[in-house]
Amino acid sequence: MPLQRTIASEIICSGIGLHTGKKIDLVMKPAEANTGIIFIRSDIPSRPEIKACVENVVDTSYATTLGKDGHNISTVEHLLATLAGLKIDNIIVEVSSIEVPIMDGSAAPFVHLIKTVGVKNLDAEREYIRIKKPIKVTDGDKKAFLLPSKDFRILYSIEFDNPVISSQSYLLKSSIETFENEISNARTFGFIDDVDKLKKLGLAKGGSLDNVVMLDNYRVLNEDGLRYKDEFVRHKILDAIGDISLIGKPIIGHLLADKSGHALNYKLVKEVLSQEDKFEIVTLSKLDGKSKVKQYPKYNNRLALNL
Ligand SMILES: [Zn+2]
C-alpha cells in the first residue's frame with residue numbers, strides 16, 4: 001500500500017532566477033501528511049503561503065506562476081515536476097524571491113538534492129485520481145487528452161519549424177526510475193531570435209547557456225550540445241508532469257499530448273476537475289483486485305490523438 005511521502009530532512013540551496021537574474025535562496029522542509037506542496041515567500045515579512053494547486057495558477061506565458069491574495073511565485077514547473085516524479089506528496093518550499101531558481105534548466109539538481117537527504121513515508125495512504133472516461137482539450141492543432149489506463153503514461157509529440165527539433169515523440173511509462181533516468185536531465189530550451197523580445201519585456205535576465213539550450217535557425221549554440229538527441233520532447237514531458245501535478249494527486253491514466261504546452265495542460269487539468277463522472281479518487285489498496293480498467297484500444301499511437 002503506497003504511503004504519502006515527504007523529504008527526510010531540510011534542504012538548503014540557492015540559484016539564479018531565470019527572469020529576475022537575482023540570486024535566490026530555496027529551503028525545502030518536510031511536511032505532514034495531507035499538507036500538499038506549499039510555497040512560502042520568505043522575502044516578504046508576512047511570509048505568505050501559496051499552495052500548488054490549479055486554482056492558484058495566475059499566469060502561464062513565460063513560466064508557470066502561482067498566486068494567492070496578490071502574492072506570486074513563478075517558474076515553479078521544474079520543481080513541481082521533480083516532486084511529482086519522485087512521488088513527494090507533502091513539502092514546504094520557502095523561496096526568497098518571486099521565482100524558483102532555474103538551476104541548470106532541468107530537474108536534475110533538485111532530484112540530486114532530494115536523493116541526498118532521502119524521503120520519508122508518512123502515516124497516511126496516498127490517493128490517486130483514476131481517469132474513467134476520456135477527457136480531451138484542444139487549441140487549434142494542439143491537443144491534450146487523458147484516457148483510462150492501468151498506470152500513468154505520457155505520449156508526447158512536438159513539431160517545430162526548426163531542423164534541430166523538427167518532429168519528436170516520446171513515450172514515458174512513469175515511475176521514479178524512468179523520471180530520474182529519462183526525463184529529469186532534459187533542459188528547457190529557447191530560440192536566440194526570442195532573446196531580444198524577452199529582454200525588452202524585462203524577462204530572462206538570468207538566462208544563459210548554463211541554464212537554457214539555445215538554438216538559432218540551424219544549430220544548438222551550447223558548446224557541449226544536447227544531453228539527448230530528443231532532449232526537447234523529454235523537456236516538454238518534464239513540464240507536463242509538473243503542470244498535471246497541479247491536479248492535486250497522482251493520476252492513473254494515459255496523457256496524450258500533441259504540441260501541447262503549459263496553458264493547454266492546465267486547461268486539461270481544469271476540464272478533468274469539472275467533470276466528476278469522468279474520474280474517481282482511489283487508493284491502490286481499494287483498487288487492488290477489483291480493478292477492471294479498460295485500456296483504450298488505440299491509446300498507444302499517434303492515431304489515438306484523432307479520436
Ligand atoms: Zn520547462
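**Helix packing and sheets in a predicted model**

Helices α1 and α2 make a right-handed crossing. Residues are numbered from 1 along each chain as its sequence is written. Helices (H or I, at least four residues) and strands (E, at least two) are DSSP runs, numbered from the N terminus.

**Confidence**

- The protein has a mean pLDDT of 92, and 93% of its residues reach 70 or more. pLDDT is the predictor's confidence in each residue, from 0 to 100.
- Over residues 297-307, pLDDT stays under 50. The model has 14 contacts beyond four places in sequence for residues 297-307. A contact means that two C-beta atoms, placed from the backbone, lie within 7 Å.
- Where pLDDT is low, the predicted coordinates should not be read in detail.

**Helices α1 and α2**

- α1 covers residues 77-85 and α2 covers residues 108-117. Their axes come within 9 Å and cross at roughly 45 degrees. Axes are lines fitted to C-alpha atoms, for helices over the stretch in contact, and angles run from 0 to 180 degrees between N-to-C directions.
- α1 and α2 are therefore oblique to each other. Angles under 35 degrees count as roughly parallel, over 145 as roughly antiparallel, 65 to 115 as roughly perpendicular, and the rest as oblique.
- His78, Leu79 and Thr82 of α1 make the contact with Phe110, Val111 and Ile114 of α2.
- Ala, Val, Leu, Ile, Met, Phe, Trp, Tyr, Cys and Pro count as nonpolar, Asp, Glu, Lys and Arg as charged, and the others, Gly among them, as polar.

**Helix α5 and its partners**

- α5 (residues 231-245) packs with α1 at an angle of about 80 degrees, and the axes are 7 Å apart. α1 and α5 are therefore roughly perpendicular to each other.
- On the α1 side, the contact residues include Glu77, His78 and Leu80; on the α5 side, they include Leu238, Asp239 and Ile241. The contact of α1 with α5 has five nonpolar, four polar and three charged residues.
- The axes of α5 and α6 (residues 262-274) come within 9 Å and cross at roughly 35 degrees. The crossing of α5 and α6 is right-handed.
- Asp239, Ala240, Asp243 and Ile244 of α5 meet His262, Asn265, Tyr266 and Val269 of α6. By class, that contact has four nonpolar, two polar and two charged residues.

**The five-stranded sheet**

- Five strands form an open sheet in the order β2-β3-β9-β4-β5, and the pairing is mixed. Strands pair if DSSP finds at least two bridges between them.
- β2 (11-16) and β5 (49-51) each have a single partner strand, so one side of each is left without a neighbour in the sheet.
- From one strand to the next, the twist averages 25 degrees.
- β4 (residues 37-41) runs antiparallel to β5, joined by three bridges. Isoleucine 40 stands opposite glutamate 49 in β5.

**The three-stranded sheet**

- An open, antiparallel sheet has the order β6-β7-β8. Its edge strands, β6 (57-59) and β8 (71-73), each pair on one side only.
- Here the twist averages 40 degrees from one strand to the next.
- Three bridges link β7 (residues 65-68) to β8. Leucine 66 has isoleucine 73 in β8 as its bridge partner.

Terms used
Predicted model: local features only at pLDDT ≥ 70, side-chain atom pairs only at ≥ 80, totals over all residues. Left-handed = near helix turned anticlockwise from the far one by under 90°.
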